[in-house]
Amino acid sequence: MKRILSIILTFCMICSLCVVLSGCGYTYAELDLRGEYTKEYAGTTLNVYNWGEYISDGSDDSIDTVKEFEHLTGIRVNYTTFDSNETMYSQIKNGGVSYDVIIPSDYMIERLINEDMLLKLDTSKLTNLDLIDNKYKGLYFDEKDEFTVAYCVGMVGLIYNTKKVKQTPDSWNILWDKKYKDDILMFNNPRDAFAIAQFMLGQDLNSTNKSDWDKAAVLLKKQKKYLQSYVMDEVYGKMETGEAALAPYYAGDFLTMYENNEDLAFVYPKEGTNIFVDSACIPKNAQNYEAALMFINFLLEPDIALANAEYIGYASPNTSVVNNPDYYYYGNEILYPNEANTPKTQYFHDIDNEIRNYYENLWIDVKLY
Amino acid sequence: MKNSALGRRIIACPYYVWAAIFIIVPLIMMVYYSITNPVGEFTIDNFLSLGKYSKAFLLSITYAVISTIITFLIAYPLSYAMTKLKISSQRMILMMVIFPMWMNFLIRTYSWISILANTGIINNFLVSLGFEPLKLINTPGAIILGMVYDFLPYMVLPIYTAMSKIDTSLLEASDDLGCNGWQKLKKVIFPLTLPGVVSGITMVFVPSVSTFYISQKLGGNKTMLIGDAIEYLFNIGPDHYNVASTLSLVLMVLILISMAIMNRFTDETDEGVII
């Protein structure tokens, strides 16, 4: 009996070892490259600082962006992640660690440029720059395209469960509809939650007028009695299981939820919505400027941009991806709405401290209401 | 004599260093933050702005008092019943009380979500039997349930310890002297277990009044208890550390006052008293 058991256990161990080992082997993809990647900077280190789960990492047979780049150039990439623009900012601001490539969002880039914390990009080295859609050039935070290269684009929209919401909603006001009491979710952070109220009121998202924020807060207080809960990441579970009927969230994340629950649908409300662009840039204290440019150019490579766009699930600003019929989200009307269906959009801007403190305090009033 | 005193002092040294770094210094920082503004100037504005949090304080205290009372009402009869059992059964029940504490408290709270949710275990069961689903999650009741569940062991353990130490001859004597059941409980058992009760109440009340995670997960982020307010303020950035520290300071003072009141009920020499 003991012997049989030990044979079985040994067998199990060998099997699991095989599984582990086979998982380790990453086979490099045959990339069709436009730019030139030399081994000139081999042996140097490149510090990349990006959002979590924001780059194709080789899981599910995808391309491992970082490994491919290291293989191609011999540069060692030290890849670290952040979970909010503010965390990233304090890391850069307080020094300590220096990063060569960072990928923050629009309003944070505006702050970084205003505080003179970014280096200008040598566009002669960025040979793939022509692939970026003109829509994502000359954006408000970098009108002359001196500092940034767009990486990912996203818009907030309204996710609803077609089993519970019979008519197709077209306005944010359905989030205030008492018919759906206890079935509505809302953003659990002040900026995104206020943005929805501000669209309802037709305000500027970046208003510096305190009374605008007061009015938005009144609206949010009114909404509270109809809400099931305020959520961030919990939205996935709650929408996928049908626990809630309505939620505002990002288009790319809706596509993930849809894979798990086909009763879900998505619209861009007519009042308009918030758009964000995350862009690659090089901070002032970068130690490896040339390698950083090479990495940014590499991110624009059609094969790499495609892998990243499919992995992340947000819209890509790269025309080679958008026009590629093999792209998983090719022609997806939610990520890439046509002219007629494109909603009115507003960007977040870097808001000055006084106003920020003001609405952060108003959010407490909403929560205590 | 002198040597052993020195030895004792040396042995205690790591503790003093520990206490200084992790208790005294943070306390001083908290007091400093609570009386300054983000620029570092002295101010009392933080205390003046506390008015808007009165609702949060009130809610926290109400929920904490309710859950303390409920845990007491569950724990006291349970402990009494336990002492009447065989030693092996006592161990078994004690084990069952402690067992959930081996799991992470975040996971325990999360499991309540899947039990209480609109599409959760209870409601799925009700719906399959043809009943209307109940609104269980995101209610004050759910928050209090979470607190009671998470903190119950802290009430059971001290009361059970006090209860099991009662000398049975005292109970027999009270019987002999003609006490009925109620008198026995009131005049003999309760006074003897009072130190356990006091430490149980303190150990449940203090974490309940300052909790934040339970209220967020089981209350749908809609109720802001004082712990939630402190967590929110610390999360959104350094500009809010000052008010957050003031809130923490006031909360601490409230807890100290309530503990001082509780401790008056017992003799200071009794064992089992906290602080």
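A cavity here is a set of points, on a 1 Å grid over the protein atoms alone, where a 1.4 Å probe fits but cannot get out, and its lining residues have an atom within 4 Å of a point. The structure holds 2 cavities of 30 Å³ or more, and 22 residues of chain A are in contact with 21 residues of chain B (contact: heavy atoms within 4.5 Å). This is a predicted model, in which local features need pLDDT of at least 70, side-chain atom pairs count only at pLDDT 80 or more, and totals for chains, interfaces and linings use all residues. Residues are numbered from 1 along each chain as its sequence is written, chains are lettered from A and ligands numbered from 1 in the order in which they are written, and side-chain values use heavy atoms, without hydrogens and water.

**Largest cavity**

- The volume of the largest cavity is about 140 Å³, a volume being the space filled by probe spheres set on the points, with grid points joined across faces, edges and corners.
- Its lining counts 18 residues, and A:Y151, A:L299, A:A305, A:S316 and A:P317 lie nearest the centre.
- Two or more lining residues come from each of β5 (149-161), α9 (289-300) and α10 (302-312) of chain A; helices (H or I, at least four residues) and strands (E, at least two) are DSSP runs numbered from the N terminus.
- By class, the lining of the largest cavity has 15 nonpolar, 3 polar and no charged residues, where Ala, Val, Leu, Ile, Met, Phe, Trp, Tyr, Cys and Pro count as nonpolar, Asp, Glu, Lys and Arg as charged, and the others, Gly among them, as polar.

**Second largest cavity**

- The second largest cavity holds about 40 Å³ of space.
- Its lining residues are A:V156, A:W172, A:F187, A:D192, A:A195, A:I196, A:F199, A:T273 and A:N274.
- The elements giving two or more residues to this lining are α5 (190-200) and β10 (273-280) of chain A, and α5(A) gives the most, with 4 residues.
- This lining divides into 6 nonpolar, 2 polar and 1 charged residues.

**Interface of chain A and chain B**

- About 2,000 Å² is buried between chain A and chain B, with 45% given by carbon and sulfur atoms; buried area is the accessible area (1.4 Å probe) that two parts lose on being put together, summed over both.
- On the chain A side, A:E243, A:I364 and A:L368 lose the most area to chain B, together 32% of what that side buries.
- The interface has 3 salt bridges (a side-chain nitrogen of Lys or Arg within 4 Å of a carboxyl oxygen of Asp or Glu).
- B:K135 and A:D182 meet through their side chains in a salt bridge, at 3.6 Å from N to O.
- β7 (227-231) and α12 (353-368) of chain A each give two or more residues to the side that touches chain B, and α12(A) gives the most, with 9 residues.
- That side of chain A has 7 nonpolar, 8 polar and 7 charged residues.

**Salt bridges overall**

- Over all chains the count comes to 17 salt bridges.
- One of the pairs is A:D116 with A:K284, whose closest N and O atoms are 2.9 Å apart.
- This pair links distant parts of the chain, 168 residues apart: A:D116 is in the loop between α4 (106-114) and β4 (118-119), and A:K284 is in the loop between β11 (282-283) and α9.

**Chain B**

- Chain B has 12 helices and 0 strands.
- The C-alpha trace of chain B spans about 80 × 70 × 30 Å along its principal axes.

Notes:
On a 1 Å grid over the protein atoms alone, a cavity is a set of points where a 1.4 Å probe fits but cannot get out, and a pocket is an open set with protein on both sides within 12 Å along at least five of seven lines; lining residues have an atom within 4 Å of a point.
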